[in-house]
Amino acid sequence: MADEQGEVLSIVEKRLQEIERRVLSSEEDLKRFQNESCLDTLGRVQNELQRLASKYQRISETWKKMKDLENFLSAEFMDKVALDDDSKADIVISGENQLRLCCEQLHEIEDMKKIVNTEPLKDLPTWSSKMEPLIEIHINQKELLDGTTSRLNNLLSNYNNIITMLSKQFVEWDNILTRMEIELDTKPSE
């Protein structure tokens, strides 16, 4: 039994030496921790972490939640949370209409690719240089049209004002004539 414990102890010692070799990869690390064992270093680190946890509230909260985090990140938790095939099938079936709509839209896009990839549209960059003078002419004509439209609106407004004034004048003259006629009609009877 003592022989078995000795073997286990030597295996554990070899594993610790391998861990130290992997963790302490640089010469500086080896010199710094040469007189100190891995367990002593881990103990010192744990004490420092406890001191920081007592000093800073967020660190202590994180340490308290560490077990939950480890639980959530474990493979067993993911297996518990993972959906079974029936649940996955239900989710896909419930989204059937949306999947069909997406499929139809993708088919429409594929059909429209044929239109976009036609020969005339492929030559569009060469036509753009030829279109520049036409664009300038169009812009100039639009400016002329805007100016003409503005002048026409002013003329129509002036015309409407004149017609309105004339109408008022004619109504006033008509009222004057009507009064005069009434006065003339009433005078002979006297």
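Here is what to click on, stop by stop.

Before you start, note that this is a predicted model, where local features need pLDDT of at least 70 and side-chain atom pairs count only at pLDDT 80 or more, while totals for chains, interfaces and linings use all residues. Residues are numbered from 1 along each chain as its sequence is written, and side-chain values use heavy atoms, with hydrogens and water left out.

Select residues 57–73, which make up helix α4. (Helices are DSSP runs of H or I, at least four residues, numbered from the N terminus.) From first C-alpha to last, the 17 residues of α4 reach 23 Å, close to the expected 24 Å; that expected span is 1.5 Å times one less than the number of residues. Now centre on Lys-65, where α4 has a kink of about 45 degrees. The bend is the angle between axes fitted to the seven residues ending there and the seven starting there.

**Stop two: Lys-80.** Move on to helix α5, residues 75–81, and pick out Lys-80. Is Lys-80 buried or exposed? With 64% relative accessibility, Lys-80 is exposed (over 50%; buried is under 20%, partly exposed in between, using a 1.4 Å probe and protein chains only). Then draw a distance to Val-92, 12 residues apart along the chain: the C-alpha atoms are separated by 20 Å.

Select Cys-102: its nearest cysteine sulfur belongs to Cys-103, 8.7 Å away. Cys-102 is partly exposed at 34%, and Cys-103 is partly exposed at 38%.

Note on methods: Helix = DSSP H or I, 4+ residues; strand = E, 2+ residues; numbered from the N terminus. Disulfide = S-S within 2.5 Å.
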